[in-house]
Amino acid sequence: MSRTALRICPLCEATCGLTLTIEGTRVTGARGDREDVFSKGFICPKGAAFGALDADPDRLRTPLVRVDGELREATWEEAFAAVAAGLRPVAERYGRDAVGVVLGNPNVHTVAGGLYPSVLIGALRTRSVFTASTVDQMPKHVSSGLLFGDPNAIPVPDLDHTDHLLLIGANPLESNGSLCTAPDFPGKLKALRARGGRLTVIDPRRTRTARLADRHIAVRPGTDALLLAALATTLFEEGLTDLGDLAAHVEGLPELRAALSDFTPEAVAPACDVDAALLRTLARELAAAPTAAIYARIGSCTVPHGTLASWLVDVLNTLTGNLDRPGGALFPQAATDRTPRPAGPGRGFILGRWHSRVRELPEAKGELPLSALAEEIDTATEQGEPLRALVVIAANPVLSAPDGDRLDKALESLDFMVAVDPYLNETSRHADVVLPPPPPAQSPHHDFAFNTLAVRNQVRYSRPAVPLEPGRMAETEIHARLVLAAMGMPEADPGSVDAMVVEQTLAKAVKEPHSPVHGQDPQDLAARLTGDDGPERRLDLMLRLGPYGDGFGADPDGLTLDRLLAHPHGIDLGPLRSRLPQPLKTVSGRIELLPAPVAADLPRLRQALRERPAGPVLVGRRHLRSNNSWLHNLPALTGGTNRCTLHLHPEDAARLGVRDGEPVRVKGAGGEVTAPAEITDGIRPGVVSLPHGWGHDRPGTRQSHAAVQPGVNVNQLLDGTLLDPLSGNAVLNGIPVELTRARVPEPR
């Protein structure tokens, strides 16, 4: 007999509600949950394939432990004993920083990934932390930290109410949105157009999103910061700035105007390959719109001036008075955010508190650049020991970081590696211990990270749709036991980790004057928490202490876990609203428009006014049925247009003498790959494009479908030296490449 169960989709940032059809313990179908308070029934091909992902036969079912050089199935007890035996000696012999932690993008899509990695890093006391952020959105964290004092205070466009939306380096019709959690992003853009609003897309490719726009501007890759600076300069020159209510919360306006004075549209136009008159028109349209928002994403982050581009987005939203106002760009407020503190000066945001060992690259937000991971393993210096051990959680840096071949070899040299991963992939195949989490239907779900970026405040939680299969271990328990193993206590009760976090959180909360539990007994408060296990008790704690919480009785109508469970389709918490100055944590307590690190980087941007690519440059691209390297093992999500091909303009194809489908060799500083040509006028001349996340052709993996059509690893074209200096983010777009026509195999 079939039944249905609700589940929030974990496969992209849209976080859509699903209704699963279940036969016994098998998910046989997935459709959009029409009663979901946020997604209202929207679903994309990834969500529809939930059952196929859940039942993928290549998912690991039991732990693997390396014995005599070979990975063999083991018990959970054996696996965690091996973790403790592998990690502790490395830390004791070589120091805590000789043990590194690598966190992949899927961490932010799970309850376990939201609750435990910070506890693990604290237990290891290591500064060697690397995440997918530095091949993605770290520039936005850094710019937000410098502007607002909090790297996680990221304004999002008020899609449902804005009159004018400018998208730069973003393709939400394929990505479903990123750093902007919005189910049915396509529908929201169409609704914007239908109500008379204006959509402008700036992208070197005529993406699906660009085809929907009122205006598409095919900018030269990597020049986003120059273009945005020209818009800001135009606002100053033509007297179009209007801060409105923001004026009381801003400092540095005269200094900002002086710092940007060189970046006139006329000065910027040749570098961007965009007409100066059009740049002035864009600025005037932003200023004239009743409300407007600029939204920039990965195409503007993964470039040489990614932090400056991210900074200028919020500078422009501020100069037009659209920051923190409905219809502009607003700060979301998630239900599990900490108790809002009173407005006032904070500690601010500091870069470079420590540095990597080899190139002395500065940390940002507690992380070192993922591009430096290989050299931190394989290069000895006088500044300390190389990395000798790694904990890799839901990450595949062999494909996602630059120069995967070098990293592939470096991982072989480690003394010890443990991976938390459902697959034996290009990275986890090097592990000494692999700890596989259960399929998503057997796990709970709450979006800790993405609700802080949502275009509407809401809260949802779904318990496991299917009971945990015998022999499996809950992902939350895997993480808790990993923490204990790192502490040398693999046999301790995993519930003690959650109890420790609850105790520490409450001990701090009762001492904070602005907390609803100030002065109360932490033990009494802990006894009042509900939930079936430690993770649920922690969620209950966060909800109760959050901005909508009951404050342990202070607000009888406030949120608790019990109340959330009584609303299986979620609770709507209302539209985004103005929140300044409360989110500001800068030392001044104001928006600091021209932070010192940004001012120091502007000469590098001035130099870019004179730079032009000598040959073709490469950009990436997304596909609606992909998410990095995760989903290529599912037949339902590969094939068709989701293929690893090289997009190139007909003029470039003619110059190379290449016909559609013929192989093209692409060479970069880190290596070369060969991919079939896909000739299209949807990309500007002089620019080529390869998708990210492919290259499933290494031996020793267990992803049978992905290996059939492996594609090529675009990041192998990089050698890891090109970084945005403020954030340490890898430069993945606008990189110079050489193209040659590869030899076409003779027909047999």
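Two residues are in contact when heavy atoms lie within 4.5 Å of each other. The model examined here is predicted, so local features need a pLDDT of at least 70 and side-chain atom pairs count only at pLDDT 80 or more, while totals for chains, interfaces and linings use all residues. Residues are numbered from 1 along each chain as its sequence is written, and side-chain values use heavy atoms, with hydrogens and water left out.

Not counting residues up to four places away in sequence, Leu226 touches Phe263, Val268, Ala271, Cys272, Leu605, Ala608 and Leu609. Leu226 also belongs to the largest nonpolar core, which has 62 residues. Such a core is a set of buried Ala, Val, Leu, Ile, Met, Phe, Trp, Tyr and Cys residues joined through side-chain atoms within 4.5 Å; buried means under 20% relative accessible area, exposed over 50%, and partly exposed in between, using a 1.4 Å probe and protein chains only. Leu226, Leu227, Leu228, Leu231, Trp311 and Ile591 touch the most other members. Helix H10 (residues 224-237) hands over the largest share of this core, 10 residues. Another core, of 55 residues, lies apart from it, with Ala410, Leu414, Cys644 and Ile735 among its members.

Next up is helix H22, which covers residues 534-545. Helices (H or I, at least four residues) and strands (E, at least two) are DSSP runs, numbered from the N terminus. H22 has 12 residues and reaches 17 Å from its first C-alpha to its last, close to the 16 Å expected; that expected span is 1.5 Å times one less than the number of residues. Because 10 of its 12 residues are buried, H22 is largely enclosed by the rest of the structure. The buried residues include Pro535, Arg538, Asp540 and Leu545. The buried residues of H22 pack against several elements, among them helix H5 (117-124), strand S18 (456-459) and helix H20 (495-509). At the start of H22, a side-chain oxygen of Asp533 comes to within 3.0 Å of the backbone nitrogen of Glu536.

Ser727 turns up in the loop between helix H26 (704-708) and strand S26 (735-736). With 2% relative accessibility, Ser727 counts as buried. Its side chain makes a polar contact with the side chain of Asp724 at 2.6 Å. A polar contact is a pair of N or O atoms within 3.5 Å; within protein, one must be able to donate a hydrogen and the other to accept it, and residues adjacent in sequence count only if both atoms are side-chain atoms. The side chain of Ser727 also reaches the backbone nitrogen of Asn729 at 3.2 Å. Leaving aside neighbours within four places in sequence, the contacts of Ser727 include Thr134, Met138 and Thr307.

Over at strand S2 (residues 17-23), five of the seven residues are buried. Strand S1 (residues 2-8) runs antiparallel to S2 and is joined to it by seven bridges, with Ser2 opposite Glu23; strands pair if DSSP finds at least two bridges between them. S2 also pairs with strand S3 (residues 26-32) in the antiparallel sense, over six bridges, and Leu18 stands opposite Gly32. Two residues separate S2 and S3 in a hairpin, and Gly24 in the turn has a positive phi of about 65°.

Finally, the structure holds zero disulfides, a disulfide being a pair of cysteine sulfur atoms within 2.5 Å. The sulfur of Cys16 is 6.1 Å from the closest cysteine sulfur, in Cys12, too far for a bond.
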